[in-house]
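Biologist: I would like to learn how to read the features of a model like this one. Could we start with the terms and then go to the cases?

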Amino acid sequence: MASIAIIGIGAVGSLLAYMARRVKPTVIYRSRIYGEAIRCFGGLVVQFGDEDRVVEVDHYMVGDAPENYYDYVFIAVKAYDTRGAVDEALRIVRDNGVIVVVQNGVGGLELAEKMAASRKPRVGVAGGVLTYGVTRIRAGIVAVTGLGKLIIGYRRRKPDERLMRVKEFLEGSVRVVEDIEPYRWLKLVVNAVINPLTTLLNAPNRVVVEVDSIWRIAEMIVGEALALIDKLGIKLPVDDVLGYVKRVAEATGNNISSMLQDVRAGRRTEIDFINGAIVRLARENDIDAPVNSLLTLLVKGLEEWRRI
Ligand SMILES: NC(=O)c1ccc[n+]([C@@H]2O[C@H](COP(=O)([O-])OP(=O)(O)OC[C@H]3O[C@@H](n4cnc5c(N)ncnc54)[C@H](OP(=O)(O)O)[C@@H]3O)[C@@H](O)[C@H]2O)c1
């Protein structure tokens, strides 16, 4: 039986634990409060509507899990926390194991690849794109707010046998793809539109499609992102990207985006890894991205203003 560890047991980490429940995964956290919650509830609690499902797990604080032990380590932390999580992942994963970074944005997976190449070069480093909606209620309890898919793959290379095997222990809608880039970038484009606009307007997702002037900004964000994606040689899995963004904004119309939730709660946002990543890569590729640049600065300004 494969040994699985999950680093970070917020919303996504808890859902992953639920998906891997058949093999009793190990979960790793950095705040003791999670250990106390797991002991108190008899596991992690994942809510589906009115139903609470308790997932039995082994659990450790960062630094306490056995070294070189796990076949698969999933990283489910916010993009800005990637470095610490990858450090721990590289300590506990077997030399020929796999690390899967399940995250929004661009930058975290690249960092994990780089760190693994210098410390455990035989480890496979894959990305995971999740389209479920999950909310953390409090330590040890999360609610699934929307069903979706988990898409897993390496960047620009085909999955090997060990990556294909994730489907043997992950339940739910899981796909292993030939290249994760098209899926990661499609989600990035959607997030680059919905997250900053809803955050700056303090409005639910439907503001993006229901207000004409806001939709015009959405078109500019997508236009800049597509120029970059084209230059990077990535072929997105849908042809009509604007239509796709519109459908996602409509389908999630009454949702409060994760970035707006972060700002309302006084937490840091992932803007540097979403619109900020578009700006950084556009600059490196001699492409202009003034709208993404302005939005990045505005969201960073808002974060700072709320801290003053
Ligand atoms: N929620 C969703 O519906 C959803 C859907 C798709 C994609 N995503 C993406 O998935 C990623 C994770 O999001 P999330 O919603 O799960 O965030 P979250 O609820 O904030 O959970 C992140 C967890 O990681 C923990 N953590 C951070 N650094 C750590 C470390 N070094 N070692 C151990 N634990 C560590 C945090 O611990 P503390 O609590 O102690 O800070 C927190 O519990 C983000 O990139 C997000 O954009 C989220």
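Modeller: Two strands pair if DSSP finds at least two bridges between them. Helices (H or I, at least four residues) and strands (E, at least two) are DSSP runs, numbered from the N terminus. This is a predicted model, in which local features need pLDDT of at least 70, side-chain atom pairs count only at pLDDT 80 or more, and totals for chains, interfaces and linings use all residues. Residues are numbered from 1 along each chain as its sequence is written.

Biologist: Which residue is the bridge partner of Val 100 in E8?

Modeller: Strands of a sheet pair through backbone hydrogen bonds, either parallel or antiparallel. Here Val 100 has Ala 126 of E8 as its bridge partner. Strand E7 (residues 93-102) and strand E8 (residues 124-130) run parallel and are joined by five bridges.

Biologist: In what order do the strands of the open sheet lie?

Modeller: The eight strands follow the order E5-E2-E1-E6-E7-E8-E11-E12, and the pairing is mixed. At the edges are strand E5 (58-61) and strand E12 (174-176), each of which pairs on one side only. From one strand to the next the twist averages 25 degrees, with axes being lines fitted to C-alpha atoms, for helices over the stretch in contact, and angles running from 0 to 180 degrees between N-to-C directions.

Biologist: Which sense of pairing do E9 and E10 show, parallel or antiparallel?

Modeller: Strand E9 (residues 133-138) pairs with strand E10 (residues 141-146) in the antiparallel sense, over five bridges. Arg 136 has Val 142 in E10 as its bridge partner. Two residues lie between the strands of this hairpin, where Gly 140 takes a positive phi near 90 degrees.

Biologist: How is a pair of packed helices read?

Modeller: Two packed helices are described by the angle between their axes and the distance between the axes. Helix H7 (residues 181-201) packs on helix H10 (residues 241-251) at an angle of about 55 degrees, with the axes 10 Å apart. H7 and H10 are therefore oblique to each other (angles under 35 degrees count as roughly parallel, over 145 as roughly antiparallel, 65 to 115 as roughly perpendicular and the rest as oblique).

Biologist: Which residues of H7 and H10 make the contact?

Modeller: H7 contributes Val 189, Val 190, Val 193 and Ile 194, and H10 contributes Val 241, Val 245, Val 248 and Ala 249. Two residues are in contact if their C-beta atoms, placed from the backbone, lie within 7 Å.
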